[in-house]
Amino acid sequence: MVNKKKKVSKAASSPFTKKELASVRAKLVKKKAQILEDFIKIEGDTLNKSYKDASGDLSGYAFHMADMATDLYDREFSLGLAEEERERLFALDDALKRVDEGIYGLCDSCGVKISKQRLKVMPQAKNCIKCQEEEEKSTG
Ligand SMILES: [Zn+2]
């Protein structure tokens, strides 16, 4: 006899399954790594090169960093980043946080589910299109 009680999910929980969240997470981390990697390539000469000698794998380093360096912005490292890149990193970090909190995919402003299509194009989106437009109207 199967009479499992269905767990009532919280009102505000991610529309994504755990599996989907895991792949989203990987995507976000990868995007972060790409930004960091570009930066490292540009600033490579001024950075301590020991990590290259140690691993010989720059992308692996960037990937690792993207995953662990949530306090990145407090470091000297971030000073060399362009404003735009920093904002992108912030947005990606924010999205990662929401993945971990299980609220990824919900609009930060109104709480509705953000369309998966939108998230596919912009995985770091934290607002639904409607709220995004409102915001652009008010700030632009
Ligand atoms: Zn919204």
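Analyst: Begin with pLDDT, the predictor's confidence in each residue, from 0 to 100. This is a predicted model, in which local features need pLDDT of at least 70, side-chain atom pairs count only at pLDDT 80 or more, and totals for chains, interfaces and linings use all residues. Residues are numbered from 1 along each chain as its sequence is written. The chain averages a pLDDT of 76, and 63% of the residues score at least 70.

User: Over which residues does pLDDT stay under 50, and how many contacts beyond four places in sequence does the model have there?

Analyst: Two residues are in contact if their C-beta atoms, placed from the backbone, lie within 7 Å. The stretch with pLDDT under 50 is residues 49-55, and the model has four contacts beyond four places in sequence for it. Helix H2 (residues 50-55) has the lowest mean pLDDT among the elements of the chain, 47, while helix H5 (residues 116-121) has the highest, 92.

User: How many helices and strands does the chain have?

Analyst: Helices (H or I, at least four residues) and strands (E, at least two) are DSSP runs, numbered from the N terminus. Here there are six helices and zero strands.

User: How do I read a nonpolar core?

Analyst: In soluble globular proteins, nonpolar side chains tend to be buried together. A residue is buried if 20 or more other C-beta atoms lie within 10 Å of its own, exposed if 12 or fewer, and partly exposed in between, with C-beta atoms placed from the backbone. A nonpolar core is a set of buried Ala, Val, Leu, Ile, Met, Phe, Trp, Tyr and Cys residues joined through C-beta atoms within 7 Å. In this chain the largest such core has eight residues: Val 24, Leu 28, Leu 89, Leu 92, Ala 95, Leu 96, Val 99 and Tyr 104. Helix H1 (18-43) and helix H4 (83-101) each give two or more residues to this core, and H4 supplies the largest share, five residues. Of the 140 residues of the chain, 19% count as buried.

User: Why does Leu 36 count as buried?

Analyst: Leu 36 is in helix H1, and it counts as buried because it has 24 C-beta neighbours inside 10 Å. Leu 36 and Arg 86 are 50 residues apart in sequence and 9.8 Å apart in space, C-alpha to C-alpha.

User: What span should H4 have?

Analyst: The expected span of a helix is 1.5 Å times one less than its number of residues. The 19 residues of H4 should therefore span 27 Å, and its end C-alpha atoms are 27 Å apart, which agrees. After H4 comes Gly 102, with a positive phi near 75 degrees.
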